[in-house]
Amino acid sequence: MIHIVIVDDEADTHLLYKLKFKKFFASLGDLKLVSFLSAVDCLNYLRREDTPPVDLILSDINMPEMDGFELLQEVRKLNPKVPFYMISAYESSEFRNRAEQLGAQRFLSKPVDFNALGEALKTDLNLSL
Amino acid sequence: MTRNDSNWVRTNSLSLKLLIATWAVSSFATLLLTAAQLILDYQKDFDKLQNNFSIIKNSYLDSMAEHLWSYDTRLLEIQLDGLSRLQGVSYLKLMADNKTIYEIGKTDPAEESHRRFEILHKNTNEVLGTLDVELDVRNLREKYFHEAIWIFIRQAAKTLVVVFCLYFIFNRIVVVHIKHIAEHLKSHPKDAVDLRLNRPRHEEKDELDILVDSINKFKIELVEANKQLALLNQALEQKVTDRTRELTTKNQSLEKAMFQIKRMQATLVAQEKLASLGSLTASVAHEIRNPLNFVLNFSELLTESEDTEEIREISRVVLKHSQRIDQIVRSMQILSGYDSDILETTDINEIVKKAYQQTISNRALGSSYIPPKVTYRLGDSVQAQAYSISLLRALSNIIDNAIHALEKKVLTEKGFEPELTISTAVRGDNVEISIRDNGIGIPAILGEKVFDPFLTTKAPGEGAGLGLTVAFNIAQKHGGTLKYSSEFGQWTEFVMSIPMVHERIHT
């Protein structure tokens, strides 16, 4: 089972990922996709004892309350290794560097190129599709 | 100076005062001295007179007793004649055996100096006769009285003459010159004409000369001081003129600077406009790109999907984001003035009510929100020339923001009662529309930025941040203004003011 967590304050994005991933992971069949509108909710979920191991976290940067960078910092405290993709509406080298420094595996800009995302997932999650 | 200047009748002149004072003092002194002299003289004469009695007693009475004893009347008469010739003896009467032997002169019963001598026999002390003697004291008094009067008259006259002489002398020596000095000072108060007194030549300087010298010196100093003052005045005037000129020059350069600043300001505004146009374009592009991505991605999914439920869901999302794009484009069109609204006289109260109803009904779609308590304070016949569709849009935007602010406060504050007050009024040539809510307020730091495009506090997809920008532009399109005041956490009030008669300004 592949367990993917999505954090974005725009609900339609969740739907988009859901539909795209459904198609992408169709052959694997076993995909657990959990979406959150806020980073705080996401952290609460990750901290829960009964949460199964997470394979990937996809997070937006610009969110109210807690942004993507803060979330990344907290996630790294919980789990230093879990793949973390930072998604930004703005292509900025500053954001990119910061994300890298904090330990994000990848920095993707919106609109997400799903073909590129698929290739990345294949590499990072060792998928053989 | 209306005083009579005649020398004689100047009652207030120094000379007259001197005259009266001298006369009074000298008269009083003369009176005292003369009186003393006369009293002394009188006393002396009176003593001399009294002396007659002792002469009679010592020298005459014995021989008279002898002659009486011998009754030698001839000798007695000779003796008595001699007696009567004594100075001051006014009455003599010799009596013997109650018979008057001799009587001469007049007797005065009031006379005090009457004295009776008894003529005694030398050996037997037998009274032979009596001698009555009266001295002429009355005459003496009269004599002195007359003399006193004469002396007084003489002295008074003498003093008067002296005093008049003094008067003229003093007049001549002092008063005339003092008058001259006064006249001179009166007629030449400031010029340098020297004061010179018309006096006979003399070597030693007296008080008047010193006075004149002092006055002349003082006048020279005064003239000099006046000259200095005039010079100072002139310098001052020159200074004032210079300063005024300087100020004028400075003013001119200030005006010039102001003009330059204004021109720079205009340039800056134009540049700012261009810059904001650039950033606006970027913002618009960004704002449109977001929903457009959704549209693109979801449409792509749509082509591949076969699940009816999924297709419906995707279609809804596509529609929603297409609407967002549409909304943005519409706002942009209003901002750029490419809308087809027409200007006509409109009942503002109607527009206001419609705007509220429209906003509420738009929100009611899919929202569980309870409308706030609305209070209308609408003025009578509030009419203005307006682009009704635009105005409706502007007011809707403001009301929508107000409701949004109320909604946020409802969520965070328990027991909060949302209130919205919508007022209209005619103020002078303008119509004022006020929309006031008791919502969360606007942070003061935002200021006029609330009117900037794409500034929003709403969640993604709820608003593009163009509402107030559009409202502001619509107010401007009407030749009016949109202003707001707010207390963060308490209330916000937007006031739109538009002229009743629109005058299109071509800029």
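1. Residues 24 or more positions apart make up 60% of the contacts in chain A that have a separation of 6 or more. Two residues are in contact here if their C-beta atoms, placed from the backbone, lie within 7 Å. Before you go on, note that this is a predicted model, where local features need pLDDT of at least 70 and side-chain atom pairs count only at pLDDT 80 or more, while totals for chains, interfaces and linings use all residues. Residues are numbered from 1 along each chain as its sequence is written, and chains are lettered from A and ligands numbered from 1 in the order in which they are written.

2. Now the layout of chain A. You'll find five helices and five strands, and from the N terminus they run β-α-β-α-β-α-β-α-β-α. Both kinds of element are DSSP runs numbered from the N terminus: helices are H or I with at least four residues, strands E with at least two.

3. Next, the pairing of strands, which takes at least two DSSP bridges between them. Strand 1 (residues 2-7) of chain A pairs with strand 2 (residues 31-36) of chain A in the parallel sense, over six bridges; V7(A) has F36(A) as its bridge partner there. Strand 1 of chain A also runs parallel to strand 3 of chain A, joined by four bridges, with I6(A) opposite L58(A).

4. Strand 3 (residues 56-60) of chain A pairs with strand 4 of chain A too, again parallel and over four bridges. One bridge links I57(A) to F84(A). Why is strand 4 (residues 84-88) of chain A largely enclosed by the rest of the structure? Because four of its five residues are buried. A residue is buried if 20 or more other C-beta atoms lie within 10 Å of its own, exposed if 12 or fewer, and partly exposed in between, with C-beta atoms placed from the backbone. Over the 129 residues of chain A, 27% count as buried.

5. Have a look at P83(A), in the loop between helix 3 (68-78) and strand 4 of chain A. P83(A) counts as partly exposed because it has 18 C-beta neighbours inside 10 Å. Leaving aside neighbours within four places in sequence, P83(A) is in contact with L56(A), Q105(A) and D124(A). The C-alpha atoms of P83(A) and R106(A) are separated by 8.3 Å, though the two are 23 residues apart along the chain.

6. Over to chain B. Helix 3 (residues 137-187) of chain B has 51 residues, so at 1.5 Å a residue it should span 75 Å, and its end C-alpha atoms, 70 Å apart, agree with that. The expected span is 1.5 Å times one less than the number of residues. This helix has a kink of about 45° centred on N171(B), and V163(B), Y167(B) and N171(B) are buried in it. Helix 1 (14-70) of chain B is part of what covers the buried residues of helix 3 of chain B.

7. Finally, the cores: a nonpolar core is a set of buried Ala, Val, Leu, Ile, Met, Phe, Trp, Tyr and Cys residues joined through C-beta atoms within 7 Å. The largest has 41 residues, and L395(B) and A471(B) have the most contacts inside it. Helix 7 (residues 388-412) of chain B gives the most to this core, with 10 residues. Apart from it lies another core of 34 residues, including M63(A) and F95(A).

Key:
Bend = angle between axes of the 7 residues up to and from the residue.
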